[in-house]
Amino acid sequence: MACVYWRRRAISADAFFIALVAVGVVDPLALLSSSYWLSFCAVGWLLLITTTAGPTGNAPRRLLRIHIYLALGLTPLLGILHQSVPIASPVANLIAVPIVTVTIVPLVIAGIVALPVNFSAAKLCWTSAAWIWDQLWLLLEWLASHLSAIELPVAPTPLTAGLAALGVLLLVIPVLSSRW
């Protein structure tokens, strides 16, 4: 938001590192949490692959490719943090992200905007968003019960995870930049 306020590019490496440090300063214990590392690594990886990829192909194909590369890029980190590689997560994200982005978030925002004007309209927006979320949750629970994670026999060492991440980087970046 500060970048938007000061009319700077909101999605940049500078904003990413400022957020990374700000969260660490505000909540130093967050540095010990796997969600902190997964979130920031996911955003950093997205920044890297979206700035490297050219605007080729149609939007659904690009989004699917980015989603696949995101799942691939987070695999080494998931292996070291959880000693497993989830199968359901990439599939669940592929389904949930568009549904939440296109329906739930706009309905919640519409409810917030409608609240001062018409409580009934706001309630309808929020009730609709909650119903969609409930249906999505049922689907996500079903996926989690049918697609289990691949358990690793031993926890990978940081060196192993680093080499795996380097391998993913060397595999994905040339494909994105088309400069193999």
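Predicted model: local features only at pLDDT ≥ 70, side-chain atom pairs only at ≥ 80, totals over all residues.
Let's start with the largest pocket. Its volume is about 900 Å³, and 36 residues line it, with L46, H67, L70, N93 and V97 the closest to its centre. Where does that lining come from? The elements that give two or more residues to it are α2 (13-26), α3 (34-52), α4 (59-82) and α5 (88-114). Among these, α4 gives the most, with 11 residues. And what is the lining like by class? It has 26 nonpolar residues and 10 polar ones, with no charged residues.

Now over to the second largest pocket, which holds about 240 Å³ of space. Here 13 residues form the lining, and W45, G73, P76, L77 and A165 are the ones nearest the centre. Two or more residues come from each of α3, α4 and α7 (158-177). By class, this lining divides into 11 nonpolar and 2 polar residues, and again none is charged.

Finally, let's look at α2. Which of its residues are buried? They include A15, F16, L20 and G24. Those four cover an arc of only 165 degrees around the axis, so they sit on the same side of α2. Turn to the other side of α2 and you find D14, I18, V21, V25 and V26, which are exposed.

Terms used. Residues numbered from 1 in each chain as written. Heavy atoms only, no water. 1 Å grid on protein atoms, 1.4 Å probe; cavity = no way out; pocket = protein on both sides within 12 Å on 5 of 7 lines; lining within 4 Å. Points joined across faces, edges and corners; volume = space filled by probe spheres on them. Nonpolar A, V, L, I, M, F, W, Y, C, P; charged D, E, K, R; others polar. Buried < 20%, exposed > 50% of the residue type's maximum accessible area, 1.4 Å probe, protein only. Arc of directions from axis to C-beta.
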